[in-house]
Amino acid sequence: MAPEKFANPPQMPPVFNYTVEGIESGIDDIVATLRKTIDDVVASTTPETATFDNTLKPVLDVENKTLGENFRICFLQNVHPDPAVREASLKAEGKIRELEIELRMRDDIFQRVKAVYDKNQASPTLETESAIILGKEYKQYVNKGLLIPPGPERDQFKKSQLELSRLCLECANNHNNEVGGAWFTPEQLDGIPKADIDVDALEKGTGENEGKVKVDFKYTTVTPLLRYAKNEATRRDYFIAEANRNNENIPLFQTIIELRDETARQAGYKDHADLVISSKMAKDSEKIKAFLADIRTRVGSGGQAEIAVLRELKKQDYAERGLEFDGEIYAWDTGYYTRILKQKDYSLDENEVSEYFPMWKTFAGMLEIFEKILGLEFVELDDAAKARLSPTGNAKDIVWHEEVVAMSVWNDEASGGDFIGYLLLDLHPRPNKYGHNANFNLGPGFLKEDGTRMYPTTSLVCNFSRPSQGRPALLKHAEAVTLFHELGHGIHDLVAQTKYAYTHGTNVMYDFVEAPSQMLENWCWTPDVLQSLSSHWETGDKISTELINKLMKTKSLNEMMATLFQVLIGTFDLRVHSPESHEAVKKMNCGLLWNQLRAEISGLKGPEDVGRGMEWGNKYATIGHFIGGYDAGYYGYLYSKVFSTDMFYTAFKANPMDGEVGRRYRKLVLERGGSMDENVMLRDFLGRDPNPESFYKDLGLA
């Protein structure tokens, strides 16, 4: 049991009992406050008298006070059960985005920020965090067109920015509210374990779908269907249907990439990728294109070898079942035959492994790992504690859904026992809920004007399978890795110790933000750690050394194919955001481009090879990253892996549970948030510049 002091956090948790009217008035107050703050700065300064303290600090102080409510209001569109609240949240985010564009395009405030920036460039006097913010702010104004002379062109730029914001929100809303599916007979779903998809519980069809059941496109359905459905036609038809689940986004995305290209060129860049990457760690879009091309070259032959193994398995399978084999392995076959490969060559049954990882027990074990290596303490809040701590006295008000679990987070007693913040967990799928796995900051930390700290609130929103068939929710090993990854983002958010909300937690460069969480994935591939996390859902037994050894042997299984898929997404992202000319982007057929790149890079056959043509689907329109902040930035998943593997192999590989190293990592990387240059952060932690040796070693390419 946690010490008594951990029962009384010095700060109440935020509330989520918003009504539509509360959202509307709340966001209007925030908009008015931010606009007035800029007006006041302009009224009280000139470019000649502007300093960081009288120009940027007043805005940062107001953001400290308003960002938390801003984040919470805009977050509700992803999770709230009430459609009216979700709609109000979506509209509220639209207002905030419009305000940001309005303020970013005000020449009066830009001239003052530019003056401060120029002075600091000529004679640097600002401390590190302030200098980082100043540089980012100046760059954002430039990217929003403030170097375009006032007049019709700048007016058109602003109009385009507003339309971009609206279109991206519409696409994201389409993703969240997608409720489609594909219809199959129960016989066509043969082979899928009932624990993964309970066919008897699926929606029954009528009319033309009489005798069929509806299979949705949720994360928890896609993976098991493509892994277990014996009927290749089922896998093929589902693969095609899932790739077309968000076709309403096709014309929206086309307009988005045209407007992005147009505005980037107006702002003085050669294309949108050039604009975006110039503000990231990589700096140069051509460098990233070469990076992806190099990885593709290095892993290409390995990917083909992996495909050859699966092709041979398929040949054997078809022979055993008396089916005619056409000699090909298709994109919808890889999950199915990878699973069979694990069973035949590694004697590994993923479902058997999952029985040792009931979700909540596994999560508790993950928290214990963070307690040991980072010096933390996690305390779950029961209903009584939630009611006692709730600002309204109502336990239900500090969560947005009855399934959400709330925790208070502290430094352990050896580290002082100080409060750190709140962690909220929403881990199962629901209709109209955000459909993937992510960390959302719901209130950044910062240093208040009186010198005390505002503590952060962060959340994990995931979609792991619910309890079924009398069993608790069980995690496949890959899901355990995902949960640990997202928890890593949450910990980054919680332990940051920055002066301003602007730089708090995961507010780092997008091509670094994944590195801390990617590094933590290695703990789920460390035998001793994995065994400590395990507890059979029925017996409580630890997973056997034999089963762990089998699992360890699959760590690099089909890793080349998986890496090529990441290269595919990153390459498509850069292609659509770096056309040769603006006319070229207008003529771009994104569905055709995606399918061509998929065939070329993955080396797998697809629907185009079975008579569906090259424009059979629009998988790209289902990928939220392209409209959710990762535009021209998806490469960051591979780029940051260079840093994550370097950190792990250099500091943690010898002993992943070394608390001394863990606390040093917390201090030099996590606590700093985005308050300093990430390259400097890495040099401080590694003792040298980062290099890709461990990244390629991990891929088996050293």
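**Notes on the predicted model**

1. The structure holds 0 disulfides, a disulfide being a pair of cysteine sulfur atoms within 2.5 Å. This is a predicted model, in which local features need pLDDT of at least 70, side-chain atom pairs count only at pLDDT 80 or more, and totals for chains, interfaces and linings use all residues. Residues are numbered from 1 along each chain as its sequence is written, and side-chain values use heavy atoms, with hydrogens and water left out.

2. For Cys 462, the closest cysteine sulfur is that of Cys 524, at 13 Å, which is too far for a bond. Cys 462 is buried, at 0% relative accessible area (buried means under 20%, exposed over 50%, partly exposed in between; 1.4 Å probe, protein chains only).

3. Cys 590 is likewise buried, at 3%. Its sulfur is 11 Å from the closest cysteine sulfur, in Cys 171, again too far for a bond.

4. Thr 19 lies in the segment before α1 (20-44); helices (H or I, at least four residues) and strands (E, at least two) are DSSP runs, numbered from the N terminus. A polar atom of the Thr 19 side chain is 2.9 Å from the backbone nitrogen of Gly 22. Thr 19 is partly exposed, with a relative accessible area of 42%.

5. Most residues other than glycine have a negative phi. Lys 283, in the loop between α10 (272-277) and α11 (285-321), has a positive phi near 70 degrees. Lys 283 is partly exposed, at 47% relative accessibility.

6. Gln 469 also has a positive phi, near 55 degrees. This residue sits in the loop between β9 (457-461) and α16 (477-495) and is partly exposed, at 41%.

Definitions and conventions. Polar contact = N/O pair within 3.5 Å; in protein donor to acceptor, adjacent residues only side chain to side chain.
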